[in-house]
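Colleague: I am new to this one. Please show me the structure, and then let me ask about it.

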Amino acid sequence: MHVVHFFENKTAILNQLLVRIPTVDENIQLKGRKAKVVDIIQLDERHYHVNVLFEKIVKKQPLTKDLGKKKR
């Protein structure tokens, strides 16, 4: 078992005990979000730091022109 710490921009996302360590450029899913492994740093024989890059979430813009013209 290996202790794997997942980071995004120096922010700790998740710590897990894993049997298999993810590889570089592997697509994984953390906390329901798609991520890609960027870098892996081995601290000692059991501890690993994995840097990930999350996929951008595109938020839809509401239609503002219809909001002010409601009939009463």
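Colleague: What share of the contacts in the protein chain with a separation of 6 or more comes from residues 24 or more positions apart?

Modeller: This is a predicted model, where local features need pLDDT of at least 70 and side-chain atom pairs count only at pLDDT 80 or more, while totals for chains, interfaces and linings use all residues. Residues are numbered from 1 along each chain as its sequence is written, and side-chain values use heavy atoms, with hydrogens and water left out. Contact means heavy atoms within 4.5 Å. Among contacts with a separation of 6 or more, the share from residues 24 or more positions apart is 27%.

Colleague: Which order do the elements of the protein chain follow from the N terminus on?

Modeller: Helices (H or I, at least four residues) and strands (E, at least two) are DSSP runs, numbered from the N terminus. The chain has 0 helices and 5 strands. From the N terminus on, the order is β-β-β-β-β.

Colleague: How far from Glu8 is the nearest side chain of opposite charge?

Modeller: Glu8 sits in strand β1. Lys and Arg count as positive and Asp and Glu as negative; His and the chain ends are not counted. Buried means under 20% relative accessible area, exposed over 50%, partly exposed in between (1.4 Å probe, protein chains only). Glu8 is buried without a salt bridge, and the nearest opposite charge, Arg33, lies at 5.1 Å.

Colleague: Which residue forms a salt bridge with Glu26?

Modeller: A salt bridge is a side-chain nitrogen of Lys or Arg within 4 Å of a carboxyl oxygen of Asp or Glu. The whole structure has 1 salt bridge. Glu26 is buried because its relative accessible area is 19%. With the closest N and O atoms 2.9 Å apart, its partner is Arg20.

Colleague: Why does Arg20 count as exposed?

Modeller: Arg20 forms a salt bridge with Glu26. Arg20 is exposed because its relative accessible area is 54%.

Colleague: Which residues make the nonpolar surface patch of about 350 Å²?

Modeller: Patches are made of residues with over 30% relative accessible area and no salt bridge: like charges are joined within 9 Å, nonpolar side chains (Val, Leu, Ile, Met, Phe, Trp, Tyr) within 5 Å. Accessible areas come from the Shrake-Rupley method with a 1.4 Å probe; for residues, only the protein chains shown count as cover. Leu17, at 53% relative accessibility, is exposed, and so is Met1, at 57%. The patch is made by Met1, Leu17 and Val19.

Colleague: What separates the C-alpha atoms of Met1 and Gln16?

Modeller: Met1 lies in the segment before β1. Beyond four places in sequence, its contacts are Leu17, Leu18, Val19 and Arg46. Met1 and Gln16 are 15 residues apart along the chain, and their C-alpha atoms are separated by 9.7 Å.
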